[in-house]
Every structure is written in C-alpha cells, then in structure tokens.
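Me: I would like to learn how to read the features of a model like this one. Please take them one at a time, with the general idea before the case.

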Amino acid sequence: MEAILKSNKLLNVCYEIRGPIPERARQMEEEGHRIIKLNIGNLQPFGFDAPEEVVQDVIRNLPNASGYVDSKGLFQSRKAIMHYTQEKNIAGVTVDDIYIGNGASELIVMAMQGLLNNGDEVLVPMPDYPLWTAAVSLAGGRPRHYLCDEANGWLPALDDIRAKISDKTKALVIINPNNPTGALYPDEVLLELVQIAREHGLIIYADEIYDKVLYDGAKHTSIASLADDILFVTFNGLSKNYRACGYRAGWMIVSGNKKIARDYIEGLNILSTMRLCANVPGQYAIQTALGGYQSIDDLVAPGGRLAKQRDLAHELLNAMPGVSCVKPKAALYMFPKLDLNVYPIADDQQFILDFLQQEKVLLVQGTGFNWHQPDHFRVVFLPNTDDLGDALGRLDRFLASYRKR
Ligand code: PLP
C-alpha cells in the first residue's frame with residue numbers, strides 16, 4: 001500500500017516549541033528522568049495559577065456554557081474587550097469589530113487564511129513566534145522575515161523591513177512585547193512602523209499578548225492607537241496576562257481604516273462562523289479578568305517572582321563565557337547569543353538535543369524561531385529561582401565541555 005502523505009500545504013509549516021526535541025524530553029520523563037523545562041510559556045505548571053475570582057466565575061457559569069454562542073463570542077465578554085481597547089486608546093472599536101477565539105492562535109491562523117492568496121507576502125519578524133510564519137505558509141503566503149536587531153535591543157530594523165517590501169506584500173506583523181526576545185517597542189519605533197505601512201498600503205497585525213507582562217515600570221502602547229488611516233488587527237487574550245493559557249480565551253480586534261477592508265472583514269466573518277464559536281467556558285473568564293485587579297502586575301513589579309527570575313536568568317547567562325543576552329523589558333523569554341568562535345555549533349537543533357540528553361534541561365533552538373544562524377536559543381524564565389539556577393548551572397557545565405571539544 002502506498003504511504004499516506006501529509007498535504008503540501010504543510011511543507012513550510014513547523015512549530016519546534018512542541019517539536020521532536022520536546023517529544024524526546026517526554027520520552028525521557030517516561031523513562032524516569034526529571035527534566036527542567038525552559039521551553040514553553042505555559043504558566044500554571046510553574047505555580048502561576050489563574051486568578052481565583054476568574055476561576056470561580058468559570059465554575060459558576062459552567063452550567064450555562066454548554067450551548068453554542070455567537071460566532072464572534074459572548075456579548076458581555078466582547079463588551080469588556082471593547083472597554084479594554086478604550087483603556088488602550090484604540091479608537092472607534094465596536095463590539096462587532098471583536099472576535100473571540102480559542103486562544104489568539106486560532107485567530108492568527110484565521111486572519112491569514114482570510115487574507116492571503118498563493119504567493120502573497122507578509123513581513124514577519126526574525127526571530128518570530130513561529131506560529132506567524134506557519135500561519136502565513138499554511139494560508140499559501142510567503143513569509144518574508146525582517147531582522148530584529150540584537151545590537152539595538154532587538155528592535156525591528158526599519159531598513160530591512162523597507163528592503164523586503166515588494167508588490168506582493170500585504171501586511172506587516174509586529175510582536176510587541178516580543179516573544180522570543182523580550183523587547184518592548186518605544187513609540188518612536190511604532191510610529192515609524194505605522195509610516196511604513198501607510199506608504200505601502202500594508203495591514204498591521206499586532207500580536208500584543210504580553211502587553212501587561214512589563215518589567216521596571218515600563219508602559220506598553222498599542223500600535224493601533226497611533227493611527228486611524230490604516231487597517232490594524234490586534235491580538236490579545238487571557239493566556240499570559242491572566243495566567244489562563246488552558247482556557248483558550250483569546251481575541252482579535254479590527255480597527256483603524258475599516259472602510260477599505262469591508263471585503264476582508266466579510267471573509268473573517270465567514271471563517272468565524274465556520275468554526276461555530278470558541279470554547280464558551282473560557283469566554284466567561286474574560287469579563288471578570290479584564291474588570292478586576294487580578295493581572296500579572298505583582299509578579300512583574302520589582303521584587304515580584306517573575307522579575308526576580310528574569311534578573312537571575314539574565315545575570316547567570318551573561319556570566320557564561322561566550323554567551324551574551326539582552327535583558328528583556330517584557331514577556332517571559334530571553335534569546336541569548338552563543339559566540340560561534342567559542343562554540344563551533346553547526347546545527348543548533350543537535351546542540352539543544354545533546355544538552356537535553358546530557359543535562360536533562362529542555363530549551364528551544366534559535367532556528368525554531370526562524371532565526372537565520374545556529375547561534376541563539378530561547379530561555380523561558382518561568383521555573384522558580386532554584387530550578388532556574390540549577391538549569392543554567394547545568395548549561396554552564398555543558399558549555400564548558402563543549403568548549404573543550
Ligand atoms: N502570540 C505569541 C507571541 C505567543 O507567545 C503566544 C503563545 O505563546 C500566542 C500568540 C498564542 O496565545 P494563545 O494562548 O492565546 O493562543
């Protein structure tokens with residue numbers, strides 16, 4: 001019998017955060033090893049529970065949550081999101097411009113499916129959160145990766161964006177705060193990005209899922225608050241800010257120049273009705289979460305658990321010979337660099353696999369974030385300081401053995 005093959009549509013689609021190396025880690029756990037996981041931004045397993053009030057509201061509403069609801073989502077949840085857009089100064093958003101999905105992930109895929117014809121191009125950051133590259137490819141589009149510049153605090157390299165625009169470019173993706181680099185973009189840079197989109201008629205897709213995970217008192221500006229003459233699609237949700245990844249409650253907001261996008265919006269409406277609606281119990285968490293004081297503020301404030309873990313990871317990484325790391329201003333990640341003159345790595349996937357097998361610590365290789373060289377990896381600083389110290393101590397030991405090869 002002939003082998004059953006996957007669709008060609010999946011040729012350029014990958015998601016290494018849950019790829020073959022995490023699968024190997026799972027097998028090792030089954031064999032009885034304890035693996036320290038610095039690979040995924042999933043908060044609850046590290047002791048970051050969702051706010052109690054939010055959990056209680058989901059429990060209370062569970063008996064009413066077994067029917068389908070409006071495809072775009074529960075009215076009161078979308079109303080709460082609408083108020084959130086007002087707090088973030090995004091003008092002119094009505095309940096109709098808001099789509100609730102099974103996490104932002106579903107909506108990112110939907111937004112690309114609704115937009116792209118084969119060969120259309122989308123500017124995606126490099127490094128990126130790989131779902132973006134995958135979603136563009138799956139929709140038949142071509143991701144064009146623009147550089148985020150490590151030497152400039154990982155801010156988008158505006159020249160590189162301009163150089164990669166062609167007559168096929170439809171959109172510009174901005175991940176701010178950034179995964180995997182932890183960068184937070186200042187308003188001047190956001191305004192430059194708006195200007196590029198304006199000049200070239202691009203849609204801006206803004207992934208702002210970490211907009212409350214901010215250190216050192218930093219403030220986040222939603223790029224959609226900076227103009228009304230271009231189309232913005234902004235993504236957010238409860239996964240990170242409210243430590244509720246598993247509720248799968250995310251949303252997408254269409255704002256700005258909606259008049260030019262009537263046809264595209266019709267496409268989004270068709271796609272959102274096709275999947276009937278998003279997980280309803282999770283939608284009941286949204287109003288309570290956005291209306292209260294349960295966000296992540298205490299954890300990221302100086303002396304808060306996440307702030308301490310960030311500081312420790314940053315310090316330990318930078319103390320390792322041949323390792324340098326930009327300090328994250330936001331989110332849950334850092335993206336350290338290995339000096340290839342010190343560590344002759346040709347294949348970073350193999351490097352991360354060897355580290356896992358030798359030291360029982362799971363990281364993700366930089367190329368998993370569409371980075372162009374085998375000289376980076378991502379650290380998730382969710383484990384407590386004991387585990388983080390232990391894991392990074394093991395990395396230091398592994399790197400020392402690597403230097404001697
Ligand atoms: N966007 C970014 C930048 C992320 O890091 C993640 C998850 O890690 C998502 C989107 C997906 O979020 P959700 O849980 O809402 O699907």
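Reply: Helices (H or I, at least four residues) and strands (E, at least two) are DSSP runs, numbered from the N terminus. The expected span of a helix is 1.5 Å times one less than its number of residues. Here, α4 has 13 residues and reaches 19 Å from its first C-alpha to its last, close to the 18 Å expected at 1.5 Å a residue. Two points on the source: residues are numbered from 1 along each chain as its sequence is written. This is a predicted model, in which local features need pLDDT of at least 70, side-chain atom pairs count only at pLDDT 80 or more, and totals for chains, interfaces and linings use all residues.

Me: Which residues of α4 are buried?

Reply: Burial is a neighbour count: a residue is buried if 20 or more other C-beta atoms lie within 10 Å of its own, exposed if 12 or fewer, and partly exposed in between, with C-beta atoms placed from the backbone. In α4 the buried residues are Gly-103, Ala-104, Glu-106, Leu-107, Ile-108, Met-110, Ala-111, Met-112 and Leu-115.

Me: Which residues come nearest to the ligand?

Reply: A residue is near a molecule or strand if its C-beta atom, placed from the backbone, lies within 6 Å of it. There are 13 residues around the ligand, and Gly-103, Ala-104, Ser-105, Ser-239 and Gly-250 come nearest. Helix α4 (residues 103-115) gives the most to this shell, with three residues. For classes, Ala, Val, Leu, Ile, Met, Phe, Trp, Tyr, Cys and Pro count as nonpolar, Asp, Glu, Lys and Arg as charged, and the others, Gly among them, as polar. The shell around the ligand then has five nonpolar, seven polar and one charged residues.

Me: How is a nonpolar core read, and which residues touch the most other members of the largest one?

Reply: In soluble globular proteins, nonpolar side chains tend to be buried together. A nonpolar core is a set of buried Ala, Val, Leu, Ile, Met, Phe, Trp, Tyr and Cys residues joined through C-beta atoms within 7 Å. The largest one here has 118 residues, of which Ala-111, Leu-172, Val-173, Ile-204, Ala-285 and Val-379 touch the most other members. Its largest share, seven residues, comes from α4. Because domain 1 (8-49 + 298-403) and domain 2 (52-291) both give residues to this core, it lies between them.

Me: What does Ala-285 touch?

Reply: Two residues are in contact if their C-beta atoms, placed from the backbone, lie within 7 Å. Not counting residues up to four places away in sequence, Ala-285 touches Val-54, Asp-57, Val-58, Leu-238, Ala-244, Tyr-247 and Ala-249.

Me: How far apart do the C-alpha centres of domain 1 and domain 2 lie?

Reply: Domain bounds come from an automatic or database domain assignment. The C-alpha centres of domain 1 and domain 2 lie 26 Å apart. The contact takes 33 residues from domain 1 and 31 residues from domain 2. On the domain 1 side, the elements giving two or more residues are α11 (305-318) and β11 (333-334). The residues of that side divide into 18 nonpolar, eight polar and seven charged.

Me: Where are cis peptide bonds found?

Reply: Omega is the angle to read. Another joins Asn-176 and Pro-177, with omega about -5 degrees. Pro-177 lies in the loop between β6 (169-175) and α7 (187-200).

Me: What does Pro-177 have to do with His-220?

Reply: They are in contact: leaving aside neighbours within four places in sequence, His-220 contacts Pro-177, Leu-184, Asp-211 and Leu-214. His-220 lies in the loop between β7 (203-207) and β8 (231-237). His-220 is partly exposed because 18 other C-beta atoms lie within 10 Å.

Me: Is Arg-403 buried or exposed?

Reply: Arg-403 is exposed, because 12 other C-beta atoms lie within 10 Å. Arg-403 is found in helix α13 (residues 385-403). Beyond its neighbours within four places in sequence, Arg-403 is in contact with Val-342 and Tyr-343.
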